Amino acid sequence: MNNIELSTVYLPLLDKVYKQASKTSILEGDEATMKRGDNGELKVAKLDMDALGDFDRNSGYTKGSTTFRWETIKYDKERSQDLRIDRLDNAEALRLPFAKLSSEFIRTKVVPETDAARIAKIAGTEGISTKAENLSDGLAVISALRTCANKMDEDEVDPENRILFITPTNRGMISDLDTNKSKEVLSKFSTIIEVPQSRMYTKIKLNDGKTEYGYTKATDGKEINFLCVERSAAVVHMEQFIKYFTPDEDQEGDDNVFKYRNNNLYGHVYENKLAGVYCSYKTA
């Protein structure tokens, strides 16, 4: 199997691994809301319209307007890695080592970083609803979620598409209560996704790979208790690319070389839907 065939076979498999492991892939746009632009840009669909006015028996309908346009935005970041398996280590079979290496890389490195970057980008958007609070027990978590739900209800945010990203610890404290009150509050969210605290920060640092790899919580970042996003309020997108070179093609050593690269829109919150995002984070 040559390098082009290998990339063609494995990229869909890596995409599948990514979507199964990712906590935030639910926010990805489709062809109706997003399309590729030029010069490394994306176009996202933006819809706006005027409200009602009086009907006039003489002049008829109020002359309002509806605006649909494609808003051009730039990707946030390109990330990459050069993965290698020595010729002799990989002598028995190419497919098994590569499949294991690449899938583990996506699951344990790419997905956590991408989730963390998306959550931080959305949570850090200016104008969304935020609250700094320390939640010590299940009752405190329920109260905080009630505040979030009430705020969205008052702002008339669609109740059918509210996605709640919450840490396992906070979700567990609610489950331990096992009360009608907790079930009632959770019913205010259409989808509940548990996200490890290690991916739930208001701000992260993406290491450049020169001395450190991956990501860490930024020094001024806070731990997030939960983040609620109405499905149409935000959009994310990632493109992934891989290349394969045989040991004979490797110019730097004697390895099977798998080059991985992605290009990310970590998050875009529509300015007319800021009410559709609510973030609760710890004070310290």
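Met49 is found in strand β2, which spans residues 41-49. This is a predicted model. The protein chain has 284 residues, and 42% of them count as buried. Its secondary structure comes to five helices and 13 strands.

**Overall build**

- Along the principal axes, the C-alpha atoms of the protein chain fill a box of roughly 80 × 55 × 30 Å.
- Among contacts with a separation of 6 or more, 78% join residues 24 or more positions apart.

**Surface and charge**

- The protein chain exposes about 15,900 Å². Carbon and sulfur atoms supply 48% of that area.
- The protein chain carries 41 positive and 47 negative charges.

**Salt bridges: the count and a network**

- Side chains of opposite charge can pair when their charged atoms come close.
- The count for this model comes to 17 salt bridges.
- Asp82, Arg84, Glu252 and Lys259 are linked in a network of salt bridges.

**Lys121 and Asp76**

- The side chains of Lys121 and Asp76 meet in a salt bridge, at 2.9 Å from N to O.
- Lys121 lies in helix α2 (residues 95-123), while Asp76 sits in the loop between β3 (66-74) and β4 (77-86), so this pair ties together parts that are 45 residues apart in sequence.
- Lys121 has a relative accessibility of 33%, so it counts as partly exposed.
- Asp76 is also partly exposed, with a relative accessible area of 31%.

**Asp220 and Lys203**

- Asp220 forms a salt bridge with Lys203, and the closest N and O atoms are 3.1 Å apart.
- This pair links distant parts of the chain, 17 residues apart. Asp220 is in the loop between β9 (215-217) and β10 (224-230). Lys203 is in the loop between β7 (191-194) and β8 (204-206).
- Asp220 is partly exposed, with a relative accessible area of 46%.
- Lys203 is partly exposed as well, at 41% relative accessible area.

**Glu223 and Lys282**

- Glu223 pairs with Lys282 in a salt bridge, with the closest N and O atoms 2.8 Å apart.
- Glu223 lies in the loop between β9 and β10, and Lys282 in the segment after β13 (277-281), so the pair ties together parts that are 59 residues apart in sequence.
- Glu223 has a relative accessible area of 24%, which makes it partly exposed.
- Lys282 has a relative accessible area of 25% and is partly exposed too.

**A buried loop residue: Asn207**

- Asn207 has its place in the loop between β8 and β9.
- Its relative accessible area is 5%; the cut-off for buried is under 20%, so Asn207 counts as buried.
- Leaving out residues up to four places away in sequence, Asn207 touches Arg79, Glu212, Tyr213, Gly214, Tyr215 and Thr216.

Conventions
Residues numbered from 1 in each chain as written. Predicted model: local features only at pLDDT ≥ 70, side-chain atom pairs only at ≥ 80, totals over all residues. Heavy atoms only, no water. Helix = DSSP H or I, 4+ residues; strand = E, 2+ residues; numbered from the N terminus. Buried < 20%, exposed > 50% of the residue type's maximum accessible area, 1.4 Å probe, protein only. Contact = heavy atoms within 4.5 Å. Areas by Shrake-Rupley, 256 points an atom, 1.4 Å probe, with all protein chains shown as cover. Lys, Arg positive; Asp, Glu negative; His and termini not counted. Charge placed at Lys NZ, Arg CZ, Asp CG, Glu CD. Salt bridge = Lys/Arg side-chain N within 4 Å of Asp/Glu carboxyl O.
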